[in-house]
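Biologist: I'm new to this one, so please walk me through it.

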Amino acid sequence: ESFDPSIPPRKLAGRNLAAIAEYIKKCEKVVFMVGAGISTAAGIPDFRSPETGLYSNLARLELPRPEAVFDICYFREDPRPFYALAQELWPGKYKPTLTHIFMRMFSTHSKLLRVFTQNIDTLELAAGIPREQIVFAHGSFAGQHCIECKKEYDRVELEDHVRKAEPAFCECGGLVKPDITFFGEALPAEFHESLDLVEEADLVVVMGSSLSVYPFAALPQRVLDDTPRLLINMEKVGEIGSRREDVVWLGECDDGVRELAENLGWWEEMEAIWKES
Ligand code: APR
């Protein structure tokens, strides 16, 4: 590029993982934006990958369309498909992946500002990331309420319904549902309250998401122009790659994360945590 004094110098020495690793050494406010692709290695299917994605495997539930399983109007009509799925997704059956543990390392090294996750599997918590450093944009199984009178139910009561894949009813007659954000419902307040943090980031890392569901999908565009954005994903998504400080790394997130961890000298520690988890 011809020298143009009005353009600030690049923060990254190159558009690759080695340059990002060097830059991470100086970071203190890293923001992650993640989706189902970071949990596929844990054995939890994502939603939209062809063949393996959840949405191509819900045929047995005879849904009008795959997303109906998370649609609040459909749930009121027929809650059984969701309860059948909840039985498969119920936390506790899966362990965090190397990618979850990589994000925890940023917290351990005082480099983590926030993890914005779309996932409901709570593997971020299982990996040891402090709750206050996580934004569950689509809620999670952590709590459950009646969708009509909002009465709170405790998890154990709901668990045996889920185990039998049976809907749970409130005494008011309403259906009880885990606090997962369904299509047609508002996102949790913590999502809207945390949006300004995106502009404070010194690095943004997007992993394992098709960026196809709004408003979450708009998060990467809130990042300031001169803040590097790294995409680690099987495919290009959103408009990441369009800016001069963007780095796009296509492949399995656990592989991308391993390369970064080795450059940072974090790999041995991560592997040990992963083995004991
Ligand atoms: N490594 C890297 N990328 C992966 C991996 C992997 N091991 N596995 C899958 N991916 C990528 C896929 O290529 C895809 O781009 O992760 C992305 C997963 O996209 P989706 O299945 O659409 O999942 P997500 O983006 O989280 O969906 C968003 O949709 O149904 C709603 O509320 C639900 O939170 C969910 C939202």
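**Around the ligand**

Biologist: Which residue has a side-chain N or O atom 3.2 Å from a nitrogen atom of the ligand?

Modeller: First, this is a predicted model: local features need pLDDT of at least 70, side-chain atom pairs count only at pLDDT 80 or more, and totals for chains, interfaces and linings use all residues. Residues are numbered from 1 along each chain as its sequence is written, and side-chain values use heavy atoms, with hydrogens and water left out. A polar contact is a pair of N or O atoms within 3.5 Å. At 3.2 Å from the ligand nitrogen, the side chain in question is that of Thr 40.

Biologist: How much of the ligand's accessible area does the protein cover?

Modeller: There are 22 residues around the ligand, among them Arg 48 and Glu 235, where a residue is near if one of its heavy atoms lies within 4 Å. Oxygen atoms of the ligand come to 2.8 Å from a backbone N or O atom of Ala 36 and to 2.8 Å from an N or O atom in the side chain of Ser 209. On its own, the ligand has 730 Å² of accessible area (Shrake-Rupley method, 1.4 Å probe).

**Rings**

Biologist: How many aromatic pairs does the structure hold?

Modeller: Two rings of Phe, Tyr or Trp (its six-membered ring) pair if their centres lie within 6.5 Å; planes under 30 degrees apart are stacked, over 60 edge-to-face, and the rest tilted. By that rule the structure's aromatic pairs number 16.

Biologist: How far apart in sequence are the parts that Phe 32 and Phe 102 tie together?

Modeller: The ring centres of Phe 32 and Phe 102 are 6.5 Å apart with planes at 80 degrees, so that's an edge-to-face pair. Helices (H or I, at least four residues) and strands (E, at least two) are DSSP runs, numbered from the N terminus. Phe 32 sits in strand 1 (residues 30-34) and Phe 102 in helix 4 (residues 98-108), so the parts they tie together are separated in sequence by 70 residues.

Biologist: Are Phe 32 and Phe 102 buried or exposed?

Modeller: Buried means under 20% relative accessible area, exposed over 50%, and partly exposed in between (1.4 Å probe, protein chains only). Phe 32 has 0% and Phe 102 has 2%. Both therefore count as buried.

Biologist: Which residue lies over the face of Phe 182?

Modeller: Phe 182 pairs with Phe 75, with centres 5.4 Å apart and planes at 75 degrees, so this one is edge-to-face. Phe 75 is in helix 2 (residues 72-77) and Phe 182 in the loop between strand 7 (175-180) and helix 7 (189-193), 107 residues apart. A charge sits over a ring if NZ of Lys or CZ of Arg is within 6 Å of the ring centre and within 35 degrees of the ring normal. At 4.4 Å from the ring centre of Phe 182, that residue is Lys 177.

**The sheet**

Biologist: In what order do the four strands of the open sheet run?

Modeller: Two strands pair if DSSP finds at least two bridges between them. Strand 4 (residues 139-146) and strand 7 pair over four bridges, while strand 6 (residues 168-169) and strand 7 pair over two. Strand 4 and strand 5 also pair over two bridges. The pairing is antiparallel, and the order is 5-4-7-6.

Biologist: Which strands stand at the edges?

Modeller: In the sheet order 5-4-7-6, each edge strand has a single partner, so one side of each is left without a neighbour in the sheet. The two are strand 5 (152-153) and strand 6.

Biologist: Which residue in strand 7 is the bridge partner of Cys 146?

Modeller: Strand 7 is mostly covered, with five of its six residues buried. One of its residues is the bridge partner of Ala 168. That residue is also the partner of Cys 146: Val 176.

Biologist: What is the phi of Lys 150?

Modeller: Lys 150 lies in the loop between strand 4 and strand 5. With a relative accessible area of 54%, Lys 150 is exposed. Although Lys 150 is not a glycine, its phi is positive, about 70 degrees.

How values were computed:
Polar contact = N/O pair within 3.5 Å; in protein donor to acceptor, adjacent residues only side chain to side chain.
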